[in-house]
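Subject: Structure for your files

Hello,

Here is the structure you were going to look at. My notes on it follow below the model.

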Amino acid sequence: MSIRTQFFKYSLCMVLFFLICIILIETRKSCIVKETTGVTIKCKSKLKTPHFPASDRTIKKNVESEINMLRIDELKGGTIDLQESATILQQVSSVCAKYKLKTPLVKRHFLYNAEHKSLYCWIRKIASTSFTKLFSDMSNRQVDHDLYKEVDFLSPESLKDLQRFANNNTVFKLLVVRHPFHRLVSSYRDRIEDNSKYTAQSWLYARQILHLSRPELFRANASSGNILQRIFLADRRLKVVPSFREFLEWLLRQPPGHDDVHWDQYHTHCAVCNVRYNFILKLDEYTFGQVNYILTKLKLNKDKIYLPRLQRTRAGITDFDVTCKYFSDLTTDMVLRLYKRYKIDFEMYNYKLEKYLHCARGKKLT
């Protein structure tokens with residue numbers, strides 16, 4: 001065989017080898033490889049990354065980075081829906097870019113654990129007690145009561161530290177959300193309506209609410225005592241409980257920037273346009289697989305960690321049926337005004353408005 005013929009065959013083999021390598025690499029990018037008794041290749045459609053203008057290249061780069069990390073976790077067997085998780089991350093970044101939002105960091109809104117390299121933003125009435133207890137246990141504090149005060153011990157030491165953790169690719173950053181209307185009803189039920197206990201919210205806001213809706217309570221009447229005696233019991237529990245509609249009529253008159261942490265907006269509370277969250281859990285539709293994934297990312301043994309049913313509170317679960325019942329006393333105009341107040345949160349996490357309008361259907365507009 002001539003040298004020229006041998007060289008030709010050798011060159012052809014090299015070309016075929018490189019072509020096969022390229023095909024395998026592309027297949028690896030679009031497939032999930034799982035090893036069982038043999039090797040199974042399950043191909044998935046490629047994730048669609050939204051188009052961002054040139055001015056938003058940084059946001060696009062950040063989203064792609066977090067999605068790549070999710071993809072690696074899924075290849076390792078993480079029990080997550082890669083497409084769903086990526087869509088939420090993309091949607092949040094898209095809304096931030098759409099409205100050119102700047103959401104400053106607030107140190108006290110975050111819990112950090114150095115050993116587990118984890119950062120979590122708590123939002124009241126969205127499983128915040130469960131996750132605060134989890135972070136407390138991770139820090140070996142083992143606190144079972146006064147978990148609200150744990151924030152003072154578990155938050156980063158300084159705003160500079162928080163900024164560093166938020167930008168660190170090796171820190172797992174977690175956000176948990178739920179439908180804004182469900183959270184609003186849950187907050188009202190727990191902090192205003194439930195007068196079996198004292199709450200700071202009822203003590204701070206009930207007088208303002210009732211002054212707007214029941215001014216007759218504030219008229220001087222020597223026989224009925226002062227205003228505090230008319231509204232509160234001796235132990236500061238509510239004697240006169242504002243209705244949900246009265247609460248909302250008051251709330252819709254308040255500037256959103258000064259809202260209580262039990263009903264403020266997600267995007268401002270958790271600085272979602274300034275923090276590169278790795279995973280966003282939607283409490284309304286979470287799976288135990290997602291919870292196990294979070295526990296794994298927190299470097300915890302999911303077989304030894306117990307998280308109670310995340311939506312349950314002392315007043316019971318606040319789901320769509322319960323929320324709709326409370327909304328039945330509202331006008332459609334009030335529901336639309338509420339939506340406008342929380343519109344960005346609705347858009348970021350793809351929550352819907354329509355069926356809540358039906359809950360108030362038949363009511364006259366105010």
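Ser 243 is partly exposed, since its relative accessible area is 28%; the scale used here calls a residue buried under 20% relative accessible area, exposed over 50% and partly exposed in between, with a 1.4 Å probe and protein chains only. Please note that this is a predicted model, in which local features need pLDDT of at least 70 and side-chain atom pairs count only at pLDDT 80 or more, while totals for chains, interfaces and linings use all residues. Residues are numbered from 1 along each chain as its sequence is written, and side-chain values use heavy atoms, with hydrogens and water left out.

Ser 243 sits in the loop between helix H9 (227-231) and helix H10 (244-251). Helices (H or I, at least four residues) and strands (E, at least two) are DSSP runs, numbered from the N terminus. Leaving aside residues up to four places away in sequence, Ser 243 touches Tyr 188 and Arg 214, where contact means heavy atoms within 4.5 Å. Tyr 188 is 55 residues from Ser 243 along the chain, and their C-alpha atoms are separated by 9.1 Å.

Glu 150 is also a loop residue, placed between helix H4 (128-138) and helix H5 (151-154). Glu 150 counts as buried because its relative accessibility is 2%. Its contacts, not counting residues up to four places away in sequence, are Thr 132, Ser 136, Arg 141 and Val 143. For Glu 150 and Thr 132, 18 residues apart along the chain, the C-alpha separation is 7.4 Å.

**The chain and its cores**

The protein chain has 16 helices and 6 strands. Of its 366 residues, 45% count as buried. Among contacts between residues at least 6 apart in sequence, 73% join residues at least 24 apart.

The largest nonpolar core has 82 residues, and Leu 175, Phe 247, Phe 327 and Tyr 349 touch the most other members. H3 gives the largest share of this core, 6 residues. A nonpolar core here is a set of buried Ala, Val, Leu, Ile, Met, Phe, Trp, Tyr and Cys residues joined through side-chain atoms within 4.5 Å. Phe 327 has contacts with residues including Phe 181, Val 185, Phe 244 and Tyr 356, again not counting residues up to four places away in sequence. A second, separate core of 7 residues includes Leu 210, Leu 217, Phe 232 and Leu 238.

Helix H7 (residues 180-193) has 14 residues and should span 20 Å at 1.5 Å a residue; its end C-alpha atoms are 18 Å apart, which agrees. The expected span is 1.5 Å times one less than the number of residues. Of the 14 residues of H7, 13 are buried.

How many cavities of 30 Å³ or more does a search of the whole structure find? There are 2. A cavity is a set of points, on a 1 Å grid over the protein atoms alone, where a 1.4 Å probe fits but cannot get out, and lining residues have an atom within 4 Å of a point.

- The largest cavity has a volume of about 50 Å³. Helix H3 (82-99) and strand E6 (279-282) each supply at least two residues of its lining.
- The second largest cavity has a volume of about 30 Å³. H7 supplies the largest share of its lining, 3 residues. Among the lining residues are Pro 180, Arg 183, Leu 184 and Tyr 342.

Volumes are the space filled by probe spheres set on the grid points, which are joined across faces, edges and corners.

Regards

Definitions and conventions. 1 Å grid on protein atoms, 1.4 Å probe; cavity = no way out; pocket = protein on both sides within 12 Å on 5 of 7 lines; lining within 4 Å.
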